[in-house]
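Thank you all for making time this morning.

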Amino acid sequence: MPDAPKDSAAFLAAYVDASGKAPTPKPKAFGLGSLGAGVTAYLGSSSFHGMASSTKERWRTRCDDIRLRYGIANLESLTARHIKKDLSTFEGHSRNNRLKVWRSLCSFWDEQGMIEINVARQVSLSKTAATDGHTPWTRNDFAAFRAFWAIGTKERLAFELMYRTCAAIGDTCNLTRGNVKDGWLSYTRQKSNSVAACPFYADGPDWFEGTTDLQACLNAEDNHITFLTTQTGKSRSPKSAASWFSKAANAAGLEKGKTAHGIRKGRAAMFKENGASADQRMAILGHETIGEATRYSKSADLRRTVEGTEKFQLSEQVPTQEHNHLKSKG
């Protein structure tokens, strides 16, 4: 390491090169009017703390890196060219994600009068290939996972919880028996603060395709604060659960890229195929717009959708027809 103060640019740059990670700098290392002080102010603001917990973790890491690299710079001297130079080491979605952080920082600084112009507006996003994100699971994927991971394993319990609730894995880690009332589970999603609900013990409507597997998994578990725990009985951390479950999916022979979130999207497609309305899908998934519900169920099999919807509509019409027949007789 260089013979320089530990909060100097030379020392910090050498630390990053040697360790491969950026230490969180102390706020006192940056003087008034510095970029580092500006980042510190942003991290303490409502603009930052109003984000979902999972988003805050990612953005804090990026903000810490920006503060580490350029903290001693004069904030008022920041230009679009400086931001473009920083972004030059990133590509595609990684570059765009980094730029989103810069834009949020500059927007906050502009609102607080810490800079004269929001220079991040002068930097464009990179063009990236269109993607649907997480690949939806299919019925074959569900069957393969169940065949590999037996009831009694933590992996199977995690799967059945996500299959039943359609919750993201971060939300799944926080689910408890306190979320269940009168056989129904409801919870508030971390990402959107919207409320989702599902039949937890009951079979539910036909389009839900509920199974008894979750109850069998819970019967094999000791009671803990949360449904999903580690082998030692501790509540599983949402931060590491996604990678843990991805490894379980790979072990079960599922193709690469099948993540926990793909279960949620696969279930959305099943619901549409089976004739569930947009409102019903939104209630289970905690979506707030029809557009979001449509996007999540995009992978639905068209033939199943047509046949399932017809079957579901006919089942709704039967009681009405019987009622009209009885009414005419009366």
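This is a predicted model: local features need pLDDT of at least 70, side-chain atom pairs count only at pLDDT 80 or more; totals for chains, interfaces and linings use all residues.

Let me begin with contacts, meaning heavy atoms within 4.5 Å: in the protein chain, residues 24 or more positions apart account for 67% of the contacts with a separation of 6 or more. Residues are numbered from 1 along each chain as its sequence is written, and side-chain values use heavy atoms, with hydrogens and water left out.

The protein chain has 15 helices and three strands, where helices (H or I, at least four residues) and strands (E, at least two) are DSSP runs numbered from the N terminus. Of its 330 residues, 42% are buried; here buried means under 20% relative accessible area, exposed means over 50%, and partly exposed is in between, using a 1.4 Å probe and protein chains only.

Now to the interior. A nonpolar core is taken as a set of buried Ala, Val, Leu, Ile, Met, Phe, Trp, Tyr and Cys residues joined through side-chain atoms within 4.5 Å. The largest such core holds 44 residues, and those that touch the most other members are Trp 137, Phe 145, Phe 159, Leu 185, Phe 200, Phe 227 and Phe 245. Helix α8, residues 154-165, gives the most to this core, with six residues. There is also a second, separate core of 25 residues, which includes Tyr 42, Ile 83, Leu 87 and Ile 115. Returning to Trp 137, and not counting residues up to four places away in sequence, its contacts include Phe 145, Phe 159, Phe 245, Lys 258 and Ile 263.

The sheet is open and has three strands in the order β1-β2-β3, with antiparallel pairing; two strands pair if DSSP finds at least two bridges between them. Its edge strands, each pairing on one side only, are β1 (180-181) and β3 (195-199). Between β1 and β2, the latter covering residues 184-188, there are two bridges, and Val 180 has Leu 185 of β2 as its bridge partner.

Just after α11, Gly 253 takes a positive phi of about 90 degrees.

One joins Arg 146 and Glu 160 at 2.8 Å, N to O; Arg 146 is in helix α7 and Glu 160 in helix α8, so the pair ties together parts 14 residues apart in sequence. Both Arg 146 and Glu 160 are buried. Another salt bridge, at 3.0 Å from N to O, is formed by Arg 156 and Asp 213, and this pair links distant parts of the chain, with Arg 156 in helix α8 and Asp 213 in helix α10 (residues 213-219), 57 residues apart. Arg 156 counts as buried at 6% relative accessibility, as does Asp 213 at 17%.

In the salt bridge of Glu 255 with Lys 258, the closest N and O atoms are 3.3 Å apart; Glu 255 is exposed, at 53% relative accessible area, whereas Lys 258 is buried, at 3%. Salt bridges that share partners also join Asp 65, Arg 69, Asp 86 and Arg 98 into one network.

I will finish with Arg 95, in helix α6, residues 92-111. Is Arg 95 buried or exposed, and what is the nearest side chain of opposite charge? Arg 95 is buried yet has no salt bridge, and the nearest side chain of opposite charge, Asp 86, is 8.9 Å away; for this count Lys and Arg are positive and Asp and Glu negative, with His and the chain ends not counted. Beyond its neighbours within four places in sequence, Arg 95 is in contact with residues including Leu 87, Phe 90 and Val 123. Phe 90 itself sits in the loop between α5 (80-87) and α6, and counts as partly exposed at 26% relative accessibility.

Methods: A salt bridge is a side-chain nitrogen of Lys or Arg within 4 Å of a carboxyl oxygen of Asp or Glu.
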